[in-house]
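Dear colleague,

Here is the structure I promised to pass on to you. Please open it beside this message, and then read my notes on what was found in it.

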Amino acid sequence: LRRKLSQLASQHAQSFDVTRIIPQYARLLRKMKLMIFVPTMRMGGAERNTALLLEHLNRQLVDVELAMVFDKEIFYPIPKDVLIHIVERQETNSQQRVGKIELPSHLRRYEHGMIFLEKTALKLADLAQRQQADIIFSTQLWTSIIATLARRYIPNSIRIIVMVDVHPSTLLAHNKYNELYSYLMREHFN
């Protein structure tokens, strides 16, 4: 491959375009587009960490966008170059219909909550594709569940990175959807 590339480069010194000749490497030659996905940017530790991350990411390597589920007051400063999206306001242009996850019988009482999660996942997937995101990154349990549900609606070229910085059993202990979220984590997190 190296020899072939050298031959092509010398033959086409002025017009050599590696992105045209080897499309799979084109992605490596441009900045990555990172979409950080959070519920809100109100007060809190995860929100403060997100604000610090937004401030300190190297803009020569990544273009950063912030996708918030809800349109709530932003407490921490967000750099001016960060484009902010409100997912709940997004219209879905997708021809896809929300795929219904068949819940086990003991979880069917959460169906209305599941519909909201699925619609939000579809809106996130549409937004990520429209904005040509390379990576969706979430550090909070609830948005991580939505991001993993969005995987069914987006191409594999968009990477999804999710993590939870609080132990889920602590977080879920007093949540009215604890059984549903536990089930979704078991099914969709690896």
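Helix 3 (residues 45-56) lies across strand 1 (32-38), strand 2 (62-68) and strand 4, and runs at about 165° to strand 1. Helices (H or I, at least four residues) and strands (E, at least two) are DSSP runs numbered from the N terminus, while axes are lines fitted to C-alpha atoms, for helices over the stretch in contact, with angles from 0 to 180 degrees between N-to-C directions. Helix 4 (residues 111-130) also packs on the sheet, where it touches strand 1, strand 2, strand 3 and strand 4.

This is a predicted model, in which local features need pLDDT of at least 70 and side-chain atom pairs count only at pLDDT 80 or more, whereas totals for chains, interfaces and linings use all residues. Residues are numbered from 1 along each chain as its sequence is written, and side-chain values use heavy atoms, with hydrogens and water left out.

The sheet itself is open, with 5 strands in the order 3-2-1-4-5 and parallel pairing, where two strands pair if DSSP finds at least two bridges between them. Its edge strands are strand 3 (83-86) and strand 5 (159-162), each pairing on one side only. Strand 4 (residues 135-138) is joined to strand 5 by 4 bridges, and Ile136 stands opposite Ile160 in strand 5.

Leaving aside neighbours within four places in sequence, Leu124 is in contact (heavy atoms within 4.5 Å) with several residues, among them Met35, Phe37 and Ile136.

Best wishes
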